[in-house]
Amino acid sequence: MNKKTIKDVDVAGKRVLVRVDFNTPQDDSGAITDDRRIVAALPTLRYLLEQGAAVIVMSHLGRPKGEVAPKYSLTPIAARLKELIGGNVVLTSAIDGDPLGIEEAKAATAPGKVVVLENTRYTDAEEANDSTLSAKLAELGDVYVNDAFGAAHRAHASTAGVAEVMKSQGKPAVAGFLLQKEIDFLGNAIRNPERPFVAILGGAKIKDKIPVIEKLLPNVDSLLIGGGMAYTFYKAAGHEIGKSLLDSDSLEFCKSLLCDDKIVLPTDCVVAPDFDNNAPRTTVKTTAIPTDQEGLDIGPDTIAAFSEIIKSAKTVVWNGPMGVFEMSNFAAGTNGIAEAMAEATKKGATTIVGGGDSAAAVEQLGYADQMSHISTGGGASLEFLEGKPLPGVIALDDK
Ligand code: ADP
Ligand code: MG
């Protein structure tokens, strides 16, 4: 990576302001259901504490829309962080005129201690990248560290604004270990992939992913398309797709790609009359989808064909589930691809999973430790693969 990291600066005894992505899923009672994002930031936080830094942590959580709302408090996150780090962790309180508790943080900062600011989205100034908020945050630290890959594609006060202010004050702004790892894995994969380089795209957000197809296609050896994305291609080829997902705005684009021999489409799919795990399933050719049915997974021939390509690859990037994996009867395609990727990893390939739902699927199906890298950034990993510059990364000091 061409950006400085925490290893390139002296943090001993310094106040280090760290942007992390603790936007963690919670259940209705507020309990954390998946703490991977907190765990992923631990190497950076532990390193800073070991170096004798005073750590101030900031993150957004959910969408409180600029209001102080207890539902979006970082209280359960700070508690979990305290358990994981086993040390001195305190959370500031939101007060009138200071929703992030910045003044309290100033007074509480001490070496060996972690002060967690309240939800950065308790004020609209965060997403507006407001310069007053950026300046106030900048007063908290001698060094800025961005370790929030999941938020790096947004130019907000806590990601880009504060880094710019601190740099203008001669303070370092550097990457944490997680941000560095994300950029190294994704960056190497798209810049100098070991070949064959295979990309797999699926999921439901076709419009978001079209720019990724355009960016990846010239670079990959094969592009496998599954999930809800595939049906717009069949429609473009003139086939019946029944009640399957369709993005009419993308028909022309899909048509233009039909002759590209790097693109591999499913040849069979699993259909059902309703979007329901218990609906009767049938496997059909993708050229013979009944009008009253909906394609919900790739079929066994496709799993076999995709798996063969994946297993002979040296670099694999996967974004988007192959079917509606949340329903167990339509998870076979996603499971099959995860299994093929795990085998590729074993054979020495670099395997990368990006995308929020894809990462959740790999975790749920039990393959998480068999991938080279699972990105913590859904939107950010897509924008990175599209080749878009990430504002939270650009703002950091060059090496
Ligand atoms: P990611 O978060 O990994 O980028 P997306 O958000 O684009 O992926 O899509 C994930 C969703 O796509 C999942 O909830 C999954 O159920 C859905 N999906 C996959 N295949 C289909 C399909 N054939 N029809 C409808 N939805 C699908
Ligand atoms: Mg998603």
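Two strands pair if DSSP finds at least two bridges between them. Helices (H or I, at least four residues) and strands (E, at least two) are DSSP runs, numbered from the N terminus.

This is a predicted model: local features need pLDDT of at least 70, side-chain atom pairs count only at pLDDT 80 or more, and totals for chains, interfaces and linings use all residues. Residues are numbered from 1 along each chain as its sequence is written, chains are lettered from A and ligands numbered from 1 in the order in which they are written, and side-chain values use heavy atoms, with hydrogens and water left out.

**Exercise 1. Give the strand order of the open sheet that holds E3 and E6, and describe its pairing.**

Solution. 
- Step 1. Six strands line up as E3-E4-E2-E1-E5-E6. The pairing is parallel.
- Step 2. Find the edges. Strand E3 (88–91) and strand E6 (173–175) each pair on one side only.
- Step 3. Neighbouring strands are turned by 25° against each other on average, direction ignored. Axes here are lines fitted to C-alpha atoms, for helices over the stretch in contact; angles run from 0 to 180 degrees between N-to-C directions.
- Step 4. E3 and strand E4 (residues 113–116) run parallel, joined by four bridges. Leu-91 has Val-116 in E4 as its bridge partner.

**Exercise 2. Characterise the interface of domain 1 and domain 2.**

Solution. 
- Step 1. Domain 1 covers 6–180 and domain 2 covers 193–386.
- Step 2. Their centres, taken over C-alpha atoms, are 35 Å apart. Nine residues of domain 1 and eleven residues of domain 2 make the contact.
- Step 3. Get the buried area: the accessible area (1.4 Å probe) that two parts lose on being put together, summed over both. The domains bury about 750 Å², 59% of it on carbon and sulfur atoms.
- Step 4. In domain 1, Arg-36, Phe-149 and His-153 lose the most area, together 68% of what that side buries.
- Step 5. Count salt bridges (a side-chain nitrogen of Lys or Arg within 4 Å of a carboxyl oxygen of Asp or Glu). The rule finds two across the interface. Glu-363 forms a salt bridge with Arg-36; the closest N and O atoms are 3.3 Å apart.
- Step 6. Helix H1 (residues 36–50) gives three residues, the largest share of the side of domain 1 that touches domain 2.

**Exercise 3. Locate the salt bridge of Asp-398 in the chain.**

Solution. 
- Step 1. The partner is Lys-3, with the closest N and O atoms 2.7 Å apart.
- Step 2. Asp-398 sits in the segment after helix H15 (391–394), and Lys-3 in the segment before strand E1 (15–19). The two are 395 residues apart, so the pair links distant parts of the chain.
- Step 3. In total, the structure holds 20 salt bridges.

**Exercise 4. Examine the backbone at Pro-196 and Lys-65.**

Solution. 
- Step 1. Start from the background. Most residues other than glycine have a negative phi, and most peptide bonds are trans.
- Step 2. Arg-195 and Pro-196 are joined by a cis peptide bond, with omega about 0°. Pro-196 lies in the loop between helix H7 (177–191) and E7.
- Step 3. Lys-65 is not a glycine, yet has a positive phi of about 55°. Lys-65 lies in the loop between strand E2 (54–58) and helix H2 (75–85).

Conventions: Domain bounds come from an automatic or database domain assignment. Contact means heavy atoms within 4.5 Å.
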